[in-house]
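Here is a brisk report on strand pairing and aromatic contacts. Please keep the model in view while reading.

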Amino acid sequence: MNLKSIYILFLFLCFGGVLYFPCFAQKQQKEKRGLKDVYNTDFLIGTALNISQFERKDIRADKIIRHEFNCITPENVLKAEVVQPAWGRFDFRLSDKFVDYGIRNNMSIVGHTLIWHSQLPPFVKNITSKDSLQQFMEQHIAKVAGRYSGKIKGWDVLNEALNEDGSFRNSVFLEVLGKDYITNAFKLAAMASPHTELYYNDYNIEQPAKRNGAITIIKQLQLAGARIDAIGIQGHWHLGKIPYQDIEESIIAFSELGVKVMITELDLEVLPRDFSGAEVGHRMVNSPGLNPYPKALPDSLQRRLATDYEKLFKLFLKHKDKISRVTFWGVADGNSWLNDWPLKGRTNYPLLFDRNYQPKEAYYKLINLKL
Ligand code: XIL
């Protein structure tokens, strides 16, 4: 090699470096951005937190939560049985920690949930007088929503008040107070926490009959002059059976009524189950074959999970003007409630991070959609 060719080679390497390194640096930087960053102009990306996560005992989850999500929902600690275990006795020790975690990390905080038929303290179910139940609702909402006024971005004021056919669910609230309890709950929440968004949240409300029920609720509230800001479609769907068209039609139908749409509890069931939705009281009887992947999810299903999540997010992005948030119901597969519901002790794989807190193919699909 003569001196001239060495010189040319030298120039080539220098230029190559100049051109190559910025691209490389940019790529590295992009990969370091979490879901919340790549979707930051589209909608909030949330997750549900359990106690060890917001107490920062689960260090590996904590790292993921702070890197990937800008919105949090408490999986259980703001439910009535936790915050008001006995009549008039409130316990905010855990929910305060949850809210502090969100504030410290600059996250939007969702309150879940004020009025729900499930995870109620036992005394509520025994109330038979209208006055007493009305008093419970007033005190509960005033105390709980009032405590976090200005800190919580939005409340699931009412959770799961509908049957599958779109009629009102027969809870203690409906039985004792009649359907006006719904309007009442929203008005009470607006009084207790005036600047907080107010939501109705339910599963299967993408399906036409139940969707009509949700539309009835929105209209009932609007007609009574009560505020409702958004509808939460929970999004507990099944691998390979996601009702994309119903979801799209619902996003459009809700949005036409002037409310935002949120996907609030997203996870994809990969195990055998003979019913859809997320009625927590519903249980399955154990039988052979119901826990088919105790060691690992087969590659074909892992790929299917990734493409289903990708297709869902393409749909959400198409309607990003109507959607304000997409929240996953959990961080990593090992902590998902679907390991214990509707059957205890199964090995489920519904989320974006695996049992070792590693991102799955589905995670990269969602990141890549935005790169
Ligand atoms: C679930 C929690 O994830 C579980 O830990 C708990 O045992 C039962 O409730 N719809 C909802 C959520 O609105 O509050 C439920 O969360 C899941 C279904």
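## Strand E2 and its neighbours

Thr-47 stands opposite Ile-72 in E2. Strand E1 (residues 44–49) runs parallel to E2, joined by 4 bridges. E2 and strand E3 (residues 108–116) pair in the parallel sense over 2 bridges. Strands pair if DSSP finds at least two bridges between them. Helices (H or I, at least four residues) and strands (E, at least two) are DSSP runs, numbered from the N terminus.

In a regular strand, side chains alternate between the two faces of the sheet. From strand E2 (residues 71–74), Cys-71 and Thr-73 point one way, and Ile-72 and Pro-74 the other way. All are buried, meaning under 20% relative accessible area with a 1.4 Å probe, protein chains only.

## Basis of the model

This is a predicted model: local features need pLDDT of at least 70, side-chain atom pairs count only at pLDDT 80 or more, and totals for chains, interfaces and linings use all residues. Residues are numbered from 1 along each chain as its sequence is written, and side-chain values use heavy atoms, without hydrogens and water.

## Aromatic pairs

Rings of Phe, Tyr and Trp (its six-membered ring) pair if their centres lie within 6.5 Å; planes under 30 degrees apart count as stacked, over 60 as edge-to-face and the rest as tilted. The count comes to 18 aromatic pairs. Tyr-309 and Phe-328 have ring centres 5.9 Å apart and planes at 50 degrees, so this pair is tilted. The pair links distant parts of the chain, 19 residues apart: Tyr-309 is in helix H13 (residues 299–318), Phe-328 in strand E9 (residues 323–328). Both Tyr-309 and Phe-328 are buried.

Note on methods:
Buried means under 20% relative accessible area, exposed over 50%, partly exposed in between (1.4 Å probe, protein chains only).
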